[in-house]
Amino acid sequence: MRTQHTLVILFGAAVAAASMPAGSQETEAVATAARTPSASLEARKFVAPPSQVVVIRAARLFDSRSGKLLANPVIVVRGERIAEVGAGLPVPAGASVIDLGSATLMPGMIDGHVHVNLNQPNSPAKRTLIALANAQVDLEAGFTTVLDMDSRGGFNTVEIRDAINSGMFLGPRMQVVGQSINQRATNIYPDLQSLRYYEGFTENKNTNSPWLARAAVREAKLHGVDWIKIYTTQDFVGPVHMWRSDATLVNSPSLTLEEVEAIVDEAHRLGLKVACHTYGGEGMRSCLTAGVDSPNHLLELDDAGVKLLLQKKLFFVPTIDDLVSLEKADLRETGGRNSRLRLMEQAFKKALAAGVTIVFGSGATSATIPHGKQVDQFSYFVKWGMTPAQALQTAYLPAARMLNYGWESQIGSIEKGKFADIIAVAGNPLDDVAEMERVKFVMKGGLVVRNELGAR
């Protein structure tokens, strides 16, 4: 509710300010009412002042590199970046101190698979507001960085990403797909428009050749995206639904290997990365063979797939929250014999045993797969064989390494020179990983987003 309230205040303030003459008292009043670090027009942005010096102290710090806890950490933040980290560091003159007492400090988490927009027929303005609100909910839950894996109906995630980066709005760091190239087919195509297949290359058009696939990548690039998203497993064949009569997945392939290879090659040539939705079969083999940067789901991961993941050093993003929401329907349709969540458990355990790099990604998108609640996946990771430390690490350096532009040098750990993206929980998450569901402190780029632990 706090995030939604913030969004309403900011949006209302912007609209009101735009309708008033420059320099009016009313404009200044609106600026003061907005949730900002400063009321001045020049500094009315959600960015930390370069001159600020903040010291954060707590009982413990989770080192995302080693997976160990460090005692009595002191973090010195200058502007938006970490200047020093260590035990017992002196407090610089003029610094403000945030003492979090017995809390555990951690880097801001990274979610490698969210959808901030819903796939619903809302107006462009409403879709944008929903997307921004969802991104802000993720931030307040401790996810200081998210990768949006296809918010359909436009490229407004590009504008949201840029507005957050400029400091216009509060929100997480974002890398975005915009629209997927080959949309996820959840039903047969209704024949409502005779020109449907000639309207464009993205979102509503299949890429029916390697050259059309390359053209689609170029078009998406011109919209300003960071990633390309493809779906190589359509989850039905015609009117047939997800499951065969023997309770196995249909896994109808939607792109050929040549098309996937063209997409990956063109994207990499243009400086983009590629993510792939796939469950198994030919579609999964195409993604792994072509070397997509972020294979997602992989429900029918087999030994050959594991070999490709290791050989090509690919990241595996197992989204569990979206499968939890589908569990009841899957069990009903298979007579209790199978579900996508059960398949994910098998795939996860196989990948973990083989040493595949696993990256946190939730699939958060809607009321049934809610934003801000995705940390419950850590408990599944632990239940399926990870230690609490290993589970937490999936949301840090491996995720940062998977992101575009070499972000491992900027986020994913609390180290000198990196962005001051810092969160804290009251207890010890290595004793109880569910502690991550109760994040009490969030700082992004040196700016305190929430603090329910200590006075500043």
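A crossing of two helices is called right-handed if the near helix is turned clockwise from the far one by less than a right angle, and left-handed if the turn is anticlockwise. In this predicted model, the crossing of α6 and α7 is right-handed. The contact involves Leu 257, Val 260, Glu 261 and Val 264 on the α6 side, and Ser 286, Cys 287, Thr 289 and Ala 290 on the α7 side. The two helices pack at an angle of about 35°, and their axes lie 9 Å apart.

Helix α6 covers residues 257-269, 13 residues in all. From its first C-alpha to its last it reaches 18 Å, close to the 18 Å expected at 1.5 Å a residue. An α-helix has 3.6 residues a turn, so residues three or four places apart point the same way. The buried residues of α6 are Glu 259, Val 260, Ala 262, Ile 263, Val 264, Glu 266 and Ala 267. Two of the names in that list, Val 260 and Val 264, also belong to the contact with α7. Besides α7, the buried residues of α6 pack against α5 (210-222), β11 and β14. Just after the helix comes Gly 271, with a positive phi of about 85°.

Strand β14 (residues 273-278) pairs with strand β15 (residues 294-297) over 4 bridges, in the parallel sense. Along this pair, Ala 275 stands opposite Ser 294, and Thr 278 stands opposite His 297.

A second open sheet has 4 strands, in the order β5-β4-β1-β6, and its pairing is mixed. Its edge strands are β5 (81-87) and β6 (96-99), each of which pairs on one side only. Here the twist averages 20° from one strand to the next. Strand β1 (residues 53-57) pairs with β6 in the parallel sense over 4 bridges. In that pair, Val 54 stands opposite Ser 96 of β6.

Notes:
Residues numbered from 1 in each chain as written. Predicted model: local features only at pLDDT ≥ 70, side-chain atom pairs only at ≥ 80, totals over all residues. Heavy atoms only, no water. Pairing = 2+ DSSP bridges. Expected span 1.5 Å × (residues − 1). Buried < 20%, exposed > 50% of the residue type's maximum accessible area, 1.4 Å probe, protein only. Contact = heavy atoms within 4.5 Å. Axes fitted to C-alpha atoms, helices over the stretch in contact; angles between N-to-C directions.
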